[in-house]
Amino acid sequence: MMSQVNLLQQKNTSLQDTLSQAQTIVSAVERLKAENFKFYSVKNGKTEEQKIRFKLGTLKDLRVEIELIDNALAEPGVYDLYLALRAPDATIMTNRSDGHGGSVKFDSKSILYSAHTSVYYDRQRKPFYFDFRPSTSEPFVKGNYNVVVYCKGEKIGEEAFTVF
């Protein structure tokens, strides 16, 4: 009798592990994914040509365009996307006085962000964009910038550009 109980407990534990692994896989598959990052300089409200390298002084405001890829398993609906713009000194650029940036908490982790947008995702590939204006005390400087997009606390895409 005792060996049957032990055997059932082992099978139960094994099934729980398998279920947990399956839930992790489904969660990963349902996640949104961002790709095809494009960077634009914005001057006087007009979007300039797309670049990955900007000459110092020519980048005042930044537009980052991304595409969310089609995913038949992702739940359609409104999603909050957060863009973190990491400067060459490894800090996240913000401009709270202009409404750009802050921090958002997911579960137990807090994420600093530079820009936020809410989008309606309908499982189809489509472009979205973020606009960012740095503060006058933290303008764009020479170096490499890393751009990360988060959704529901998870990184869904990443790309870089350079100011020279």
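## Terms and basis

The model is a predicted one, in which local features need pLDDT of at least 70 and side-chain atom pairs count only at pLDDT 80 or more, while totals for chains, interfaces and linings use all residues. Residues are numbered from 1 along each chain as its sequence is written, and side-chain values use heavy atoms, leaving out hydrogens and water.

Strands here are DSSP runs of E with at least two residues, and helices are runs of H or I with at least four, numbered from the N terminus; two strands pair if DSSP finds at least two bridges between them.

Strand S4 (residues 61-68) and S9 run antiparallel and are joined by seven bridges, and Val-64 stands opposite Phe-130 in S9.

## Salt bridges

A salt bridge is counted where a side-chain nitrogen of Lys or Arg lies within 4 Å of a carboxyl oxygen of Asp or Glu, and the whole structure holds seven of them. One of these joins Arg-63 and Asp-131 at 2.7 Å, N to O. This pair links distant parts of the chain, with Arg-63 in strand S4 and Asp-131 in strand S9, 68 residues apart; Asp-131 is partly exposed at 32% relative accessibility.

Glu-67 forms a salt bridge with Arg-125, the closest N and O atoms being 2.7 Å apart. Here too distant parts of the chain are linked, since Glu-67 belongs to strand S4 and Arg-125 to the loop between strand S8 (115-121) and S9, 58 residues apart. Glu-67 counts as buried at 17%, whereas Arg-125 is partly exposed at 38%. Salt bridges that share partners join Lys-33, Glu-35, Glu-67 and Arg-125 into one network. Within it, the side chains of Lys-33 and Glu-35 meet at 4.0 Å, N to O; Lys-33 is partly exposed at 43%, as is Glu-35 at 23%.

## Positive phi in two loops

Asp-107, although not a glycine, has a positive phi of about 50°. Asp-107 sits in the loop between strand S6 (102-106) and strand S7 (109-113) and is exposed, with a relative accessible area of 82%.

Lys-152, also not a glycine, has a positive phi of about 55°. Lys-152 lies in the loop between strand S10 (143-151) and strand S11 (154-163), where it is exposed at 57% relative accessible area.

Conventions
Buried means under 20% relative accessible area, exposed over 50%, partly exposed in between (1.4 Å probe, protein chains only).
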